[in-house]
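Please open the model in your viewer and display it as a cartoon.

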Amino acid sequence: ADDSENLPYWATFIEHLVQVSGLAEEKTTGNRAWRFRSINTIDSVAYFSPVAVDPKTAYKVSFTLLGTLPEGATAGAGILEFDEFLWIGEQYTEEIVQKHFRGSHEGVRLPGTIEGEQSFTFTTSPETGMVHLILFREGPHDRSSVMFDDIRIEEIESVKP
């Protein structure tokens with residue numbers, strides 16, 4: 001909440017994450033990918049992207065993930081479900097999450113050296129109208145980056161009556 005004493009800390013961590021992350025371009029090929037790395041003293045960093053979806057529908061998420069993580073660290077992608085599309089360009093308050101959150105799907109979580117295409121499927125609930133695609137990196141801090149590229153979310157099957 002705006003009056004929380006923890007808000008300045010969150011704002012500082014988010015600002016730092018934005019400074020060490022973002023779109024990276026490979027100079028020889030021009031290929032672009034989403035890159036981010038850990039922050040010392042924070043166990044988990046993630047980016048959330050809202051995507052409009054239909055209720056009771058199966059989707060496939062696929063992406064290329066590249067990186068080498070220290071022992072005990074993981075990276076991957078997952079899904080948070082919400083009952084309606086919430087275009088809020090800032091941190092969701094606890095009240096908003098309690099009112100609109102409908103479920104989660106871990107998706108893919110990988111350790112070590114990661115290189116190649118990853119995918120998972122999920123089916124939305126009867127009340128779902130939006131998901132947040134979560135790209136994450138968790139575990140011990142180091143300065144290496146993880147890179148996400150070719151991110152796709154495709155409807156694979158409608159399970160509506």
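A residue is termed buried when its relative accessible area is under 20%. By this criterion, 35% of the 161 residues of the chain are buried in this predicted model.

Begin with the whole chain, coloured by secondary structure. Traced from the N terminus, the elements follow the order α-β-β-β-β-β-α-β-β-β-β. Now display the surface: the accessible area of the chain is about 9700 Å², and carbon and sulfur atoms account for 50% of it. As for contacts between residues at least 6 apart in sequence, 79% link residues that are at least 24 apart.

Next, select strands β3, β5, β6 and β8. These four strands make up an open, antiparallel sheet, arranged as β3-β8-β5-β6. At its edges lie β3 (44-52) and β6 (101-111), each of which pairs on one side only. On average, neighbouring strands of this sheet are turned by 15° against each other, direction ignored.

Which residue of β8 is the bridge partner of Val45? Selecting Arg137 shows the partner in question.

Finally, move to Thr57, which belongs to strand β4 (residues 57-68). Thr57 is classed as buried because its relative accessibility is 0%.

Methods:
Residues numbered from 1 in each chain as written. Predicted model: local features only at pLDDT ≥ 70, side-chain atom pairs only at ≥ 80, totals over all residues. Heavy atoms only, no water. Helix = DSSP H or I, 4+ residues; strand = E, 2+ residues; numbered from the N terminus. Buried < 20%, exposed > 50% of the residue type's maximum accessible area, 1.4 Å probe, protein only. Contact = heavy atoms within 4.5 Å. Areas by Shrake-Rupley, 256 points an atom, 1.4 Å probe, with all protein chains shown as cover. Pairing = 2+ DSSP bridges. Axes fitted to C-alpha atoms, helices over the stretch in contact; angles between N-to-C directions.
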